Amino acid sequence: MLYLVVALACEAKPITRLLGLVRDNDVSNPAVFAGDDCILVVSGVGKARAAAATAFILTRYGARGPGVVANIGVCGATGNPHEIGQLLVPPRFTGIVTQA
């Protein structure tokens, strides 16, 4: 099972189309989209919302089996040699919590 967490609806839209996910109308907030092998949740912006949405989908849908959780999003940059649509994987994560 693939569990996807995105912050914004605009990030969810192409993924739901590509994977054929449909809205779970039993859940109003957060927005959840489901398929046979994938659950996607629109968490809202921020670490706390992402964590809460992740806990929600794992609690509600985790019985479907073990899987992978991925947080996917868009980013912007200026003056960098990256192509539009290029996959960027940071070598490390930093933040207030990690202090790394």
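User: What follows α1, and what is its phi?
Analyst: Gly 20 comes after α1, and its phi is positive, near 65°. Bear in mind that this is a predicted model.

User: Which residues of α1 are buried?
Analyst: In α1, residues 9-19, the buried ones are Glu 11, Ala 12, Ile 15 and Thr 16.

User: Why do they line one face of the helix?
Analyst: Looking down the axis of α1, the buried residues fall within an arc of 115°, so they line one face. An α-helix has 3.6 residues a turn, so residues three or four places apart point the same way.

User: And what is exposed on the other side?
Analyst: Cys 10, Arg 17 and Leu 18 are exposed there.

User: What do the buried residues of α1 pack against?
Analyst: They pack against β1, β3 and β4.

User: Switching to the largest nonpolar core. How many residues?
Analyst: That core has 11 residues, among them Tyr 3, Val 27, Ile 39 and Tyr 61.

User: What does Val 27 touch, neighbours within four places aside?
Analyst: Val 27 is in contact with Val 32, Phe 56, Arg 60 and Tyr 61.

User: What is in the second core?
Analyst: It is separate and has 10 residues, including Val 6, Ala 12, Leu 21 and Cys 38.

User: Last topic, the largest pocket. How much space lies in it?
Analyst: About 880 Å³. Its lining has 28 residues, with Ile 72, Gly 73, Val 74, Cys 75 and Leu 88 nearest the centre.

User: How does the lining split by class?
Analyst: There are 14 nonpolar, 11 polar and three charged residues.

Definitions and conventions
Residues are numbered from 1 along each chain as its sequence is written. This is a predicted model: local features need pLDDT of at least 70, side-chain atom pairs count only at pLDDT 80 or more; totals for chains, interfaces and linings use all residues. Side-chain values use heavy atoms; hydrogens and water are left out. A nonpolar core is a set of buried Ala, Val, Leu, Ile, Met, Phe, Trp, Tyr and Cys residues joined through side-chain atoms within 4.5 Å. Buried means under 20% relative accessible area, exposed over 50%, partly exposed in between (1.4 Å probe, protein chains only). Contact means heavy atoms within 4.5 Å. On a 1 Å grid over the protein atoms alone, a cavity is a set of points where a 1.4 Å probe fits but cannot get out, and a pocket is an open set with protein on both sides within 12 Å along at least five of seven lines; lining residues have an atom within 4 Å of a point. Grid points are joined across faces, edges and corners, and a volume is the space filled by probe spheres set on the points. Ala, Val, Leu, Ile, Met, Phe, Trp, Tyr, Cys and Pro count as nonpolar, Asp, Glu, Lys and Arg as charged, and the others, Gly among them, as polar. Helices (H or I, at least four residues) and strands (E, at least two) are DSSP runs, numbered from the N terminus. The arc is that of the directions from the helix axis to the C-beta atoms.
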